[in-house]
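Trainee: I should like to work through this model with you, one feature at a time. May we begin once it is on the screen?

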Amino acid sequence: MHANDLHRSSRKPTGPDAMLFEIQRLSTEDGPGIRTTVFFKGCSLACAWCHNPESISARPQLHWLASRCIGCGTCCTVCPESALDLTAEGIVIDRGRCTLCGECAAECPSTAMEIIGTRWGLDDLVREVLKDRAYFARSNGGVTASGGEPLLQAPFLSAFLKALKQEGVHTAVDTCGCFPAAALADVLPHTDLVLYDLKEIDPERHRRFTGRSNEQILDNLRTIGTRMESGVSPQELWIRTPVIPDATATAASIVGIGQWIGAHLPGLVARWELCAFNNLCQDKYQRLDRDWPYKHQPLLTQDTMERLADAARHSGVDPDTVHWSGNTRMPAAKQHGRTDPSPQMSTA
Ligand code: SF4
Ligand code: SF4
């Protein structure tokens, strides 16, 4: 769902509500089958490589998309705060003046202005995602709550998942693991599958890459494992590791994670997925007037991903659970003479 549609379609919620930044339909990467993924806004980590920078702040944000702008100046005219300026470089936003009233987004003829972040009421959101239930039924799919960090809005998330379970829908939660432990008791009873990010085991390296130590993340993951050993929900646990150049893309980092999984979650992880770095999010940083340290970083090679996956398979986990996914580039030697340098998409 387009962000402006999300913004306009939301009626003022009367009951419990949540701050979301996107509802993505027909997703095949956030759990089994065809899924509708609901992205909660606000995150407790700030990973240097974050692919969804609009997810970090818990508040709405104004985006300007240069590629859509036709330079008509309507937004500058309608802004009641005189917060916009049309320059030779495009629209400049004075974020100190902007009150996020949404007038510019409502009047822009080319949807170049967007308010990212909308409050959704529980009934409206359940109704919205259930429009896709025919896809869920045919593909053994369902609904995934992602973010941002969805467990930072645990009371709403719990009620949302509970309502979906009452409708017979498979539920998944995609989490970075950094949230107060009490949230688990609210959310897990209504969760079929947890997709859990484990980015790094060394706490100091984790702090350097994400802004926070991983102690809470590992504690919460142990709690999930203990529940599963007791036969209570979730029924299934997937681990996901972002493989990032100059950060987590080392055999030592991957083996450290595998050793921890082998020691603390024996037999409990159905899938450990290594997710290759991608550089498709650069324009999202531009829309937020932010620089991205990875903007010139090329994709990893397929050889690198296969080497790291092999290290993972020998780290103490069930080797059959290890997979890798994402776009890769051809190594320089193999690119010689090749006219199509497009990245290779793999799921192995
Ligand atoms: S959201 Fe409102 S205040 Fe902010 S730039 Fe747009 S029109 Fe101006
Ligand atoms: S109203 Fe939209 S298209 Fe016109 S200048 Fe503003 S952002 Fe660009």
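Trainee: In which loop does Leu 100 lie?

Mentor: This is a predicted model, and the backbone at Leu 100 deserves attention: phi there is positive, about 60°, although Leu 100 is not a glycine. Leu 100 also belongs to the residues that surround ligand 1. Its place is in the loop between strand E5 (90-93) and helix H3 (103-107).

Trainee: Is Leu 100 buried, partly exposed or exposed?

Mentor: Buried requires under 20% relative accessible area, and exposed requires over 50%. Leu 100 has 25% relative accessibility, so it counts as partly exposed.

Trainee: How many charged residues does the shell around ligand 1 have?

Mentor: The residues surrounding ligand 1 include Cys 79, Cys 98, Cys 101 and Cys 104, as well as Glu 81 and Glu 103. Glu counts as charged, whereas Cys counts as nonpolar. By class, the shell has 8 nonpolar residues, 2 polar and, as charged residues, 2.

Trainee: Which cavity does ligand 2 sit in?

Mentor: Ligand 2 is surrounded by 13 residues, the closest being Cys 69, Cys 72, Cys 75, Cys 108 and Ser 110. That shell comprises 9 nonpolar and 4 polar residues, with no charged ones. The space taken by ligand 1 is the second largest cavity; ligand 2 sits in the largest cavity.

Trainee: What is the distance between the closest N and O atoms of Arg 68 and Glu 114?

Mentor: Side chains of opposite charge can pair when their charged atoms come close. Arg 68 lies in the loop between strand E3 (61-64) and helix H2 (74-78), and Glu 114 in strand E6 (residues 113-116), so the pair ties together parts that are 46 residues apart in sequence. Arg 68 is partly exposed at 28% relative accessibility, whereas Glu 114 is buried at 5%. In their salt bridge, the closest N and O atoms are apart by 3.1 Å.

Trainee: How many residues apart in sequence are the parts that Asp 30 and Arg 240 tie together?

Mentor: Asp 30 and Arg 240 form a salt bridge, with the closest N and O atoms 3.8 Å apart. Asp 30 lies in the loop between strand E1 (17-27) and strand E2 (35-40), and Arg 240 lies in strand E11 (residues 236-243), so the separation in sequence of the parts tied together is 210 residues.

Trainee: How far apart are the end C-alpha atoms of helix H6?

Mentor: Helix H6 (residues 154-166) has 13 residues, and at 1.5 Å a residue it should span 18 Å. The computed separation of its end C-alpha atoms agrees with this expectation: 18 Å.

Trainee: Which residues are joined by the cis peptide bond that has omega of about 5°?

Mentor: Another cis peptide bond, from Ser 233 to Pro 234, has omega near 10°. With omega at about 5°, the residues joined are Gly 147 and Gly 148.

Trainee: What is the relative accessibility of Asp 246?

Mentor: Asp 246 is placed in the loop between E11 and helix H10 (251-264). Its phi is positive, about 60°, although it is not a glycine. Asp 246 counts as exposed because its relative accessibility is 75%.

Terms used. Residues numbered from 1 in each chain as written. Chains lettered and ligands numbered in written order. Predicted model: local features only at pLDDT ≥ 70, side-chain atom pairs only at ≥ 80, totals over all residues. Heavy atoms only, no water. Near = heavy atom within 4 Å. 1 Å grid on protein atoms, 1.4 Å probe; cavity = no way out; pocket = protein on both sides within 12 Å on 5 of 7 lines; lining within 4 Å. Sits in = over half its atoms within 2 Å of the grid points. Helix = DSSP H or I, 4+ residues; strand = E, 2+ residues; numbered from the N terminus. Expected span 1.5 Å × (residues − 1). Salt bridge = Lys/Arg side-chain N within 4 Å of Asp/Glu carboxyl O. Buried < 20%, exposed > 50% of the residue type's maximum accessible area, 1.4 Å probe, protein only.
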